[in-house]
Amino acid sequence: MRQYIYMIGMLLCLLTPQAGWGQQVEPLDIRLMKVPLPFDKEWYQEQERLWKAELKKDKKNEKAWENYYFACRGQYDFFLDDSLQKAAWKKEEQVIYRKMKRCIPKSRIYKQLSLQFADGKDKERLLEELLALEPTTMDDYVWAMTYCMQQNREEKLIELSKAWYRSGLYSTDMLFYFYNELSGLPENAILMSDSNLNACFYYLLKYGAGLFKGIEIVEPTDLMFPTPQATLWKKLGIDTKEIPSWNKMKCPGAWYLTEKLRRPVYCTQLLLGKDILVELKNFLYSEGLVLRYSLKPYNNLAVTRKNYEQNYQLDYLRRPVTYDRGWRANSDVRKNYIVSLSPLLRFYDASGDKNQADRLRSLLQGILDSWDTGKQGNWVNEEEREYIRLMKMFGEHIQQLEAEGKSSFKRISSKAQYQQLIDPVKP
């Protein structure tokens, strides 16, 4: 929960509140928040009332059920440390579950909720039923692909990747970012990535678009703690007894691949398990958007320069952020260019290459200037418009609480720190 609140805090620093939040005259698509934000309990109660009215009009309205459930959950979500509140919510959740079972038993939201009350074979059955449902959003594809990665179901993963690419239900900006990550890697590279959003985009590029076919995507744990059961070692036909144990060497799988098989190992900077980056910090060298594992120092800045000047497709960064599927993640990921290319900018400044310095500084400044989401691009997706509307409402809510001295919510902004990475160093 803290991770979500932190991310929302960063966003709120950049949003300018508009319409008032207090007077609700229509149901809001609050399910788009993913996790409840700390609005007042009365705010969620009003949304519950409004969505309940929608359900009276149509008991099979899946969107209304999802929002109704979210509104009920929001009234309890920040009080679940209280045993009485937790028991009350569990009771209410069961009531909603039984109502959904009567009205929308074949829906995605009902099956997702059912997982909370299932175990063993029932849970496996529900997961397979969810997987069999036709994806209609980017989130649906990401869930299905992540599940297949975790289950090592490569054939289904390939099938989903092709279907996702054909559907167009993905963020083109995000696709460009992950294309750039892979574009500077050798054909036989190994890339460490969690089974999350970025891994889904790697497979979208590999199997959907038919690019970077020789690059293997692996879980970091398969290299940190190699086991015979890991798909990578099976595919390579390697007896893991040949690999040193983890207590003798940091990341023995990466060592074996680079030293014995001569296959370069890389790591995405977007790993959720940041402890691995800390563990391997003495062996990871930035080559721009990715980190390369190496036992010996080398001129990694030269590789970063080649990636920036020859490999990366950067024109998309010179246009405003497109409000398409996944823009929320994309607006944050874009700032990774500032961190990754700042050393190269310093190199251009120091070497006197004014043309390259001006060009790169302009690119990075443009990314930072687009931080204010209220000034970015055009809307191409109604749901994303609604999401920003909710965030602006929440921003005004927090400002009102701050004015009344009631808010403990901390706004977090690091825009100034990013600016320091772009500005010329003063002599």
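What does the side chain of Ser-342 reach at 3.0 Å? The backbone oxygen of Leu-421 is what sits at the other end. Before going further, know that this is a predicted model, where local features need pLDDT of at least 70, side-chain atom pairs count only at pLDDT 80 or more, and totals for chains, interfaces and linings use all residues. Residues are numbered from 1 along each chain as its sequence is written, and side-chain values use heavy atoms, leaving out hydrogens and water.

**The overall picture**

- The protein chain has 20 helices and five strands. Helices (H or I, at least four residues) and strands (E, at least two) are DSSP runs, numbered from the N terminus.
- Of the 427 residues in the chain, 48% are buried. Buried means under 20% relative accessible area, exposed means over 50%, and partly exposed is in between (1.4 Å probe, protein chains only).
- Take the contacts between residues at least 6 apart in sequence: 67% of them join residues at least 24 apart. Contact here means heavy atoms within 4.5 Å.

**Back to Ser-342**

- Ser-342 belongs to helix α17, which covers residues 336-351.
- This serine is buried, at 6% relative accessible area.
- Apart from neighbours within four places in sequence, Ser-342 is in contact with Tyr-337 and Leu-421.

**Helix α10, a covered helix**

- Helix α10 spans residues 197-208, and 11 of its 12 residues are buried.
- Among the buried ones are Asn-198, Phe-201, Tyr-203, Lys-206 and Gly-208.
- The cover over these buried residues includes helices α7, α8 and α9 (172-183), along with strands β1 (190-192), β2 and β3.
- Just after α10 comes Gly-210, with a positive phi of about 75°.

- Leu-191 is found in strand β1 and is buried, with a relative accessible area of 0%.
- Leu-191 and Tyr-266 are 75 residues apart in sequence, yet their C-alpha atoms are 4.7 Å apart.
- Setting aside neighbours within four places in sequence, the contacts of Leu-191 include Leu-182, Tyr-202, Ile-217, Tyr-266 and Thr-268.
- Glu-46 is in helix α2 (residues 41-57) and is partly exposed, with a relative accessible area of 22%.
- From Glu-46 to Pro-27 is 19 residues in sequence and 8.6 Å in space, C-alpha to C-alpha.

**The second largest pocket**

- A pocket takes a bit of explaining: on a 1 Å grid over the protein atoms alone, a cavity is a set of points where a 1.4 Å probe fits but cannot get out, while a pocket is an open set with protein on both sides within 12 Å along at least five of seven lines. Lining residues have an atom within 4 Å of a point.
- The second largest pocket holds about 460 Å³ of space. That volume is the space filled by probe spheres set on the grid points, which are joined across faces, edges and corners.
- Its lining has 22 residues, and those nearest its centre are Met-149, Asn-152, Tyr-203, Ile-217 and Thr-231.
- Elements giving two or more residues to this lining are α7 (138-150), α8 (154-167), α10, β2 (216-218) and α12 (231-236).
- Helix α10 gives the largest share, four residues.
- By class, the lining has nine nonpolar, five polar and eight charged residues. Ala, Val, Leu, Ile, Met, Phe, Trp, Tyr, Cys and Pro count as nonpolar, Asp, Glu, Lys and Arg as charged, and the others, Gly among them, as polar.

**Cysteines**

- How many disulfides does the structure hold? The count is zero, where a disulfide is a pair of cysteine sulfur atoms within 2.5 Å.

**Two positive phi angles**

- Most residues other than glycine have a negative phi.
- Cys-251 has a positive phi, near 50°. This cysteine lies in the loop between α12 and α13 (252-259) and is buried, with a relative accessible area of 2%.
- Arg-262 also has a positive phi, near 55°. The loop between α13 and β3 (265-268) is where Arg-262 is found, and at 60% relative accessibility this arginine counts as exposed.

How values were computed:
A polar contact is a pair of N or O atoms within 3.5 Å; within protein, one must be able to donate a hydrogen and the other to accept it, and residues adjacent in sequence count only if both atoms are side-chain atoms.
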